[in-house]
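Me: I have a structure to go through with you. Can we take it piece by piece?

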Amino acid sequence: MTEMTLIEGLRQAMDEELERDERVFIVGQDVGPRGGVFRATQGLYEKYGEDRVVDSPLAELSIIGIGIGTALYGMRPICEIQFADFIYPAFNQIVSEAARMCYRSGGEWIAPMVIRVPYGGGIGGGLYHSQSIEAFFAHVPGLKVVVPSTPYDAKGLLKSAVRDPNPVIFLEPKKGYRLIRGEVPEDEEVLVPIGPGRISREGTDLTLFAYGMMHHYAMEAAERVAQEGIDVEVVDLRTLKPVDRETVLASVAKTGKALIVHEDNLTGGYGAEIAAILAEEAFADLDAPVRRLAGPDVPAMPFSHPLQDWFMLDADKIADAIRELAAY
Amino acid sequence: MTTEVIMPQLGESVVEGTVTKWLRNQDDRIEEFEPLVEINTDKVDTEVPSPATGTVLKLFVAEGETVVAGTLLAVIGEPGEEVPEPPLAPSDGGVRDAPPAGRPDGELQSAPAPASFEAAAKVKVGDLGFISPVVARIAAEHNVDLTQVSGTGSGGRITKKDVLSYVEGGQAAPPWEEPGSGDLFRPTEEIFGAKEPARAAAGTLQPLDAVRTRIAEHMVRSKRTSAHVTTLMEADLGRVIAHRKTHKESFEREGAKLTLTAYFIAAAVEALKEVPLVNSSWSEEGIVLHKAANVGVAVSLGEAGLIVPVIKNAEQLSLLAIAKTVNDLGERARGHKLIPDEVQGGTFTITNHGISGSLLATPIINQPQCAILGVGLLQKRAVVIEGMSPSGEPQDSLAIRPMVYLTLTFDHRIIDGAIGDQFLGILVQRLQSWA
């Protein structure tokens with residue numbers, strides 16, 4: 001086992017997939033000699049050359065367009081969008097072309113591609129470098145949406161995403177790139193299937209659903225309230241689409257209470273989907289109203305540090321919500 | 001300024017009621033204290049007065065709908081005033097002023113505001129507090145009487161853990177035990193059976209109102225609970241009738257209409273004093289002897305069912321006081337103006353089925369009492385009077401006497417036939433020797 005950071009897990013995954021399958025290539029802004037703005041692809045240009053680690057123009061529409069075209073041609077592109085905030089110019093390509101390709105061609109054409117997207121705030125990034133975008137894409141049939149929270153899952157899920165025949169939106173909690181460390185085995189291949197969630201902490205009093213960076217705050221909050229006698233079960237959803245309904249329902253059947261946490265703003269957010277699943281399928285298991293704790297419905301992550309703290313969830317805010325729900 | 005009309009809690013254990021009739025329509029004017037709506041609970045029918053003078057801006061509950069205490073029924077105000085939204089959850093009963101409209105804009109809150117979350121926790125369903133879906137399910141699956149479970153949740157709410165630890169403690173009620181009354185989540189199969197309701201091929205379905213449902217539930221439960229036995233005697237009411245004739249006017253001057261019912265109550269109370277075992281209730285720990293003789297008198301409301309107001313502490317009342325109380329309760333019963341506490345707490349019941357022509361009947365015991373007295377039709381009948389001639393020879397004669405059949409239906413768990421007969425005999429004796 002080796003301890004590594006989240007971004008090292010991602011880099012290893014890409015390295016191994018480039019090595020394994022010559023159809024795999026990376027395309028994105030500054031992914032080549034520069035190694036990407038976050039250094040996720042550092043060293044890969046030198047190792048695999050300019051044909052397989054391709055610097056793109058400053059045009060997201062074009063990065064995704066290249067991805068779709070080469071995927072149809074039989075390649076396995078990994079497209080990097082520098083910040084989630086910049087993905088909107090490519091929204092049309094992703095939603096109308098990539099997501100619907102298989103369906104509209106009756107299965108004759110598929111667009112197997114990974115769209116790697118660093119997302120989320122708390123890094124002083126302000127309006128243009130902090131957004132959470134999962135709700136937009138989790139809504140679209142034909143896409144898979146994956147959010148790892150640990151180096152192990154980051155590596156294992158990215159490798160699975162590369163091998164998946166569908167377009168996969170691969171969301172990377174960028175605040176955790178170097179903050180989050182974890183064990184990853186060296187001597188075996190790490191593959192984490194897309195779909196299953198993971199119970200990262202077993203408990204009986206309530207279930208806390210989280211993903212990405214929020215999963216770490218959730219774990220921290222759960223440990224904190226454990227000292228007060230509140231036994232929280234934490235579920236790392238890992239895949240938002242298709243979501244692991246079985247794990248979601250089984251956990252709430254056990255605890256009777258659900259708290260869903262995400263950094264993205266509340267209204268129309270991904271938490272609503274989990275809440276709706278519980279309302280529809282777990283009603284007779286509920287011992288309290290399903291609760292969501294999410295970012296505020298304001299247009300952007302503030303640049304001012306105190307206001308950024310106000311916007312971002314943290315272990316304190318999550319612990320408060322846990323206490324309130326546990327006392328219900 | 002609008003005023004909300006809230007479904008009141010009409011008695012300690014009365015948690016829901018049916019709106020039977022709106023006495024004002026939307027947009028009608030109404031004065032404060034004027035009757036606004038007729039409410040029917042499982043115990044009584046009553047009128048709810050308007051809490052304010054104004055216009056009925058909106059009625060929130062349709063006639064025939066059953067709602068829990070605390071539900072918003074209507075809003076009174078001035079025409080053009082904004083009608084507040086009905087709250088999702090009923091709060092405490094009673095009338096209250098409309099809350100201030102919305103909270104000021106400004107701060108944008110993440111997640112559900114804590115205020116609304118707390119409000120949800122305070123939802124009351126009767127005395128149990130809010131029952132969550134999972135608690136209701138577990139209680140139904142394990143036949144748990146939730147009134148026996150102590151709640152540790154917010155506001156004393158019964159949590160999933162509470163009901164689970166109750167079930168695991170092996171304290172769940174056996175399946176035949178009476179389900180908690182007033183429990184909204186009680187499975188209806190327990191009351192009505194799980195079978196399809198029997199319906200005649202070409203018949204129409206008459207919906208059940210609260211009174212009918214309550215009576216049905218109570219009667220079946222009583223039959224299932226007590227070992228009913230009926231004993232029959234007859235009484236010559238000649239002396240009672242004579243007494244009534246003599247005292248009718250003086251009673252009237254005192255403001256009381258002297259009815260035969262008052263005599264039956266007075267005689268029953270004396271018999272209860274002499275045979276206290278009849279004034280009792282069965283419990284698994286033992287027979288509970290009641291100190292007070294609280295005598296219920298069944299009052300027919302025609303098609304609307306029947307109601308049994310209770311004369312409390314009848315053993316302390318004179319014939320005059322009994323007569324006055326009977327007049328008052330009877331009148332208010334027929335006017336749907338009884339309060340629920342006036343129909344609770346009875347220890348013995350009298351039903352005067354003779355009013356409708358019945359000679360003799362075997363009524364069902366009013367739980368949890370020991371016995372019920374059935375009074376048949378007062379009828380002049382030919383009776384053999386045993387006598388003696390002046391010379392000492394037996395000389396029987398035939399006489400026309402005002403006779404009545406009296407039945408005592410009693411719970412054989414508590415008393416045996418001899419005690420029942422002793423009680424009824426004393427009662428008959430008291431009536432026949434009235435002076």
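Me: Which backbone nitrogen lies 2.8 Å from a polar atom of the side chain of Asp314(A)?

Reply: That of Lys317(A). The backbone nitrogen of Asp316(A) also lies 3.1 Å from a polar atom of that side chain. A polar contact here is a pair of N or O atoms within 3.5 Å; within protein, one must be able to donate a hydrogen and the other to accept it, and residues adjacent in sequence count only if both atoms are side-chain atoms.

Me: What ground rules apply to the model?

Reply: It is a predicted model: local features need pLDDT of at least 70, side-chain atom pairs count only at pLDDT 80 or more, and totals for chains, interfaces and linings use all residues. Residues are numbered from 1 along each chain as its sequence is written, chains are lettered from A and ligands numbered from 1 in the order in which they are written, and side-chain values use heavy atoms, with hydrogens and water left out.

Me: Back to Asp314(A). Where does it lie?

Reply: In the loop between helix H11 (305-311) and helix H12 (315-327) of chain A. Helices (H or I, at least four residues) and strands (E, at least two) are DSSP runs, numbered from the N terminus.

Me: Why does Asp314(A) count as partly exposed?

Reply: Because its relative accessibility is 27%. Buried means under 20% relative accessible area, exposed over 50%, and partly exposed in between (1.4 Å probe, protein chains only).

Me: And Ser160(A), buried or exposed?

Reply: Buried, because its relative accessible area is 14%. Ser160(A) is found in helix H7 (residues 151-163) of chain A. Leaving aside neighbours within four places in sequence, it is in contact (heavy atoms within 4.5 Å) with Leu191(A), Val192(A), Pro193(A) and Ile194(A).

Me: Switching to the interface. How many residues does the contact take from chain A and chain B?

Reply: 26 residues from chain A and 21 residues from chain B. The area buried between the chains is about 1800 Å², and carbon and sulfur atoms give 56% of that. Buried area is the accessible area (1.4 Å probe) that two parts lose on being put together, summed over both.

Me: Which three residues supply 36% of the area that chain A buries?

Reply: Asp287(A), Arg291(A) and Tyr328(A), more than any other three residues.

Me: How many salt bridges cross the interface?

Reply: Three, by the rule: a side-chain nitrogen of Lys or Arg within 4 Å of a carboxyl oxygen of Asp or Glu. One salt bridge joins the side chains of Asp287(A) and Arg157(B), at 3.1 Å, N to O.

Me: Which element of chain A gives the most to the side that touches chain B?

Reply: E14(A), with five residues.

Me: Now chain B. How many helices and strands?

Reply: Nine helices and 20 strands. Of its 435 residues, 43% count as buried.

Me: Which residues of H5(B) are buried?

Reply: Val211(B), Ile215(B), Glu217(B), His218(B), Arg221(B) and Ser222(B). They cover an arc of only 170° around the axis, so they sit on the same side of H5(B). The arc is that of the directions from the helix axis to the C-beta atoms. On the other side, Val220(B), Lys223(B) and Arg224(B) are exposed.

Me: What caps the N-terminal end of H5(B)?

Reply: Asp209(B), with a side-chain oxygen 2.7 Å from the backbone nitrogen of Arg212(B).
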